[in-house]
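Let's take a walk through a protein model together. Keep the sequence and the 3D view open, and follow along as we go from one piece to the next.

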Amino acid sequence: MGSDDGCDHNLFDGSSSEDEDDFMMLQFVLSMHQSSAIQRTPCTTSALTGHERMVEFLNGHYERMHNRFRMTTNCFMRLANMFEETGRLTHGRKVSVQEQVMIFLYVVAQNATCRTSREEWQHSTSTISRYFTLVCTQLYEVSGQFIREPTWNTVHSRIHDDMRFFPYFEGCVGAIDGTHVAANVPKHLATPYFGRKKVTTQNILAACDFDMKFTYMMTGWEGSVHDARVLRAATNDPIYKFPHPPPRIFPCAWL
């Protein structure tokens with residue numbers, strides 16, 4: 001019924017054309033949703049499941065494993081077993097610890113998107129994203145076990161046992177260099193990340209010893225920044241925790 005002011009409070013009684021349009025639009029949206037739900041077909045229908053795909057790589061040629069994940073089978077199993085034995089990763093209902101690690105390595109090594117990974121591993125994009133984030137977080141937390149300061153008080157055998165280097169490089173503990181790694185940056189922040197690579201990158205500083213093990217790494221600098229500026233920031237700013245050599249070690253040993 002109408003009120004004393006002549007306004008009708010019945011929303012869908014046909015008195016307002018705008019209300020009728022809104023009601024019809026709502027009915028249309030509901031019908032489309034019901035139709036899509038009824039006609040929805042599975043997307044991940046590959047003959048191989050994610051687990052079977054993993055087994056195929058582990059039992060296949062070593063080059064396939066290295067080309068796809070940038071890691072040998074032995075190294076992969078050591079990494080996955082470490083996560084499982086320490087309890088940092090646990091088996092999911094459908095995704096094992098080994099497959100979780102392999103999904104992460106696939107995304108990193110191939111710069112793959114969630115949609116591409118969904119097709120590769122036959123899991124939903126939310127599952128791919130969840131396990132990628134989980135493995136990435138756990139790997140960061142154990143990074144200190146793998147990236148360690150060099151040994152300052154001994155001369156490496158590669159120097160000591162080679163007359164071309166000893167005693168001239170007796171104080172050398174490793175090598176340090178910069179590298180550019182592709183980065184996805186929001187458009188309004190992208191300009192400083194464009195450098196000589198003509199794509200958005202991070203300029204990453206890394207140091208390693210003569211056993212090819214990382215001893216230091218710093219990430220986050222824009223791709224347009226020169227290597228010398230990154231090195232200067234790393235060595236001068238305590239926030240970056242650069243492992244400075246003792247006074248008896250020549251600074252050039254790091255360059």
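Start with β1 and β2, which run antiparallel and are joined by 8 bridges. A quick word on names: helices (H or I, at least four residues) and strands (E, at least two) are DSSP runs, numbered from the N terminus. Two strands count as paired if DSSP finds at least two bridges between them. In general, strands of a sheet pair through backbone hydrogen bonds, either parallel or antiparallel. To see one of the bridges here, find I176, whose partner in β2 is A207.

Before going on, a note on what you're looking at: this is a predicted model, where local features need pLDDT of at least 70, side-chain atom pairs count only at pLDDT 80 or more, and totals for chains, interfaces and linings use all residues. Residues are numbered from 1 along each chain as its sequence is written, and side-chain values use heavy atoms, with hydrogens and water left out.

Now slide over to the next pair. Strand β2 (residues 201-208) pairs with strand β3 (residues 214-222), again in the antiparallel sense, over 6 bridges. You can check some partners yourself: Q202 is bridged to E222, N203 stands opposite W221, and L205 has M218 as its bridge partner. Between these two strands, the hairpin has 5 residues, and M212 in that hairpin takes a positive phi near 60 degrees.

Contact here means heavy atoms within 4.5 Å.

How covered is β2? Mostly: 6 of its 8 residues are buried. Buried means under 20% relative accessible area, exposed means over 50%, and partly exposed is in between (1.4 Å probe, protein chains only).

Next, hop to helix α2 (residues 50-59), where G50, R53, M54 and F57 are buried. Seen down the axis of α2, these buried residues fall within an arc of 100 degrees, so they line one face of the helix. That arc is taken from the directions from the helix axis to the C-beta atoms. The buried residues of α2 pack against α3 (62-69), α5 (97-110) and α6 (114-121).

What about cysteines? The structure holds 0 disulfides, a disulfide being a pair of cysteine sulfur atoms within 2.5 Å. C75 is partly exposed, with a relative accessible area of 35%, and C114 is partly exposed too, at 34%.

Finally, zoom out. The protein chain has 9 helices and 3 strands, and from the N terminus on its elements run α-α-α-α-α-α-α-α-β-β-β-α. Of its 255 residues, 29% count as buried. Among contacts with a separation of 6 or more, residues 24 or more positions apart account for 50%.
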